[in-house]
Amino acid sequence: MQTVKSNRIWNKNFVCVFLSQIGLSLSHFAVNTLVSTYATHLGASSVIMGLLTSMFFGISLAMRPIVGPVTTKVNKRYLLIFVNALGGIVNIGYALFHNIPMFVFFRVLHGVQYSLVGSLNMTIAGESLPEEKLASGMGIFGVGSAVSTAIGPSVGVWLKEYGTKLSGVDLGFTLVFGFAAVVLLLAVIPSAILRTQEFSREQIAQTGAWYKNIISVHALPCSIVMTFLIISYALFNAYMVPFGAERSISGISIFFTVQALVMIAVRPISGSLTDRMGFAKICLPTILVFAASFPVLGMSRTLPMVLVSAALSALGYASAQPALQAMCVQSEPPVRRAVATNTFYVGLDLGFFLGPLLGSLVVDRSSYANMYTLAAIPALLAFVFFALLWPVYRRRRKQLVGEE
């Protein structure tokens with residue numbers, strides 16, 4: 001096995017995969033923010049618009065039985081080059097063909113690309129980091145996504161408006177998709193530079209048949225906790241704007257800016273604290289902080305209270321997520337860590353799929369405010385599951401350390 005580990009977080013491989021993740025996130029948030037608007041521009045009905053918006057995560061979830069085995073058995077460097085290039089091609093397709101059938105076609109390809117690249121980046125990051133600094137590294141790794149969350153939507157909206165002023169709406173969307181294509185094609189460069197951890201044929205053969213590399217039983221506890229957290233977290237993007245309209249709160253979009261800025265500040269610090277204090281001492285209290293943000297938001301009638309909720313949610317989520325990522329990576333030996341991250345992303349996809357769906361059921365019977373208040377329930381279930389599954393994880397780590 002070729003070792004790519006370093007005792008430093010900012011080693012060459014980590015820098016390369018960090019840049020790849022920024023490319024993924026920046027293109028994702030620039031484009032996905034405008035998908036429903038673009039579908040409406042193309043003349044899609046409300047049903048088709050909803051399908052085009054949600055199919056991204058549905059396809060990503062459906063691809064998980066393929067992603068786990070592929071990322072375990074295929075050279076990760078070549079695979080990362082391919083998926084970043086595929087993302088660029090998809091966005092070029094968006095830019096060239098302005099009709100619903102072709103948009104559906106490229107949207108499906110986009111879901112396939114996203115299902116591969118997210119868990120792949122996380123796997124390579126985990127392989128590149130020293131074990132004793134894994135949570136710190138994952139916290140820093142998430143900073144790129146947080147920065148992209150803060151600026152990606154704004155870049156997308158600005159490009160759309162700029163192109164629209166120059167030569168109509170079609171040019172506006174073409175500029176957005178062109179930007180995303182360029183970013184992802186540039187991400188091919190660091191993907192080609194990095195050198196991933198290579199395993200012998202014998203080591204890969206020990207992972208078993210392809211179906212044994214879909215889900216990791218040992219990473220499943222982290223995935224379950226993450227699912228509950230994401231069910232709540234997904235409601236921010238899905239319903240914040242109509243909540244602001246319901247409560248007559250102007251400037252509600254500042255919520256996302258504050259949330260992103262707090263995440264950027266918190267992730268490196270929380271990761272470092274996790275490495276020093278342990279996963280349970282960080283996850284349990286910060287999950288409670290995250291849960292508390294929802295009743296605060298549900299009771300908010302002014303923008304300052306909404307921003308308090310944004311800060312609390314970011315503090316809780318940005319602290320718990322890197323710790324859960326690190327736990328997930330450490331739940332399997334190196335040769336099966338791609339399976340572990342695939343399992344983690346099953347939890348993410350399932351949470352993003354269920355969150356808006358369950359939220360809509362509450363809204364139909366009540367209000368956006370009550371929906372956000374009740375969103376504390378999945379977060380509290382995450383707390384309970386973490387407490388129950390923590391002893392299971394500790395036994396697994398002792399087993400792996402003993403084998404090493």
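Visitor: Which residues line the second largest pocket?

Guide: Ile 231, Leu 235, Gly 355, Leu 358, Gly 359, Val 362, Met 371, Leu 374, Ala 375 and Pro 378 line the second largest pocket. A pocket is an open set of points on a 1 Å grid over the protein atoms alone, with protein on both sides within 12 Å along at least five of seven lines; lining residues have an atom within 4 Å of a point. This is a predicted model: local features need pLDDT of at least 70, side-chain atom pairs need 80 or more, and totals for chains, interfaces and linings use all residues. Residues are numbered from 1 along each chain as its sequence is written, and side-chain values use heavy atoms, without hydrogens or water.

Visitor: Which helix gives the most to the lining of the second largest pocket?

Guide: Helix 15 does, with 4 residues. Helices are DSSP runs (H or I, at least four residues), numbered from the N terminus. Helix 11 (220-246) and helix 16 (368-374) also give two or more residues each. The pocket has a volume of about 160 Å³, the space filled by probe spheres set on grid points joined across faces, edges and corners.

Visitor: How many nonpolar residues are in that pocket lining?

Guide: There are 8 nonpolar residues, 2 polar and no charged. Ala, Val, Leu, Ile, Met, Phe, Trp, Tyr, Cys and Pro count as nonpolar; Asp, Glu, Lys and Arg as charged; the others, Gly among them, as polar.

Visitor: What is the volume of the largest cavity?

Guide: A cavity is a set of points where a 1.4 Å probe fits but cannot get out. The largest cavity has a volume of about 60 Å³. Its lining has 9 nonpolar residues, no polar and no charged. Helix 17 gives the most, with 4 residues. Among the lining residues are Phe 386, Leu 389, Trp 390 and Tyr 393.

Visitor: How many salt bridges are there?

Guide: Side chains of opposite charge can pair when their charged atoms come close. A salt bridge is a side-chain nitrogen of Lys or Arg within 4 Å of a carboxyl oxygen of Asp or Glu. The count comes to 2. In one, the closest N and O atoms of Lys 76 and Glu 127 are 3.5 Å apart. Lys 76 is in helix 5 and Glu 127 in helix 6, 51 residues apart. Glu 332 and Arg 396 also form a salt bridge, at 3.1 Å from N to O.

Visitor: Are Glu 332 and Arg 396 buried or exposed?

Guide: Both are buried, meaning under 20% relative accessible area; exposed is over 50%, and partly exposed in between (1.4 Å probe, protein chains only). Lys 76 and Glu 127 are both buried too.
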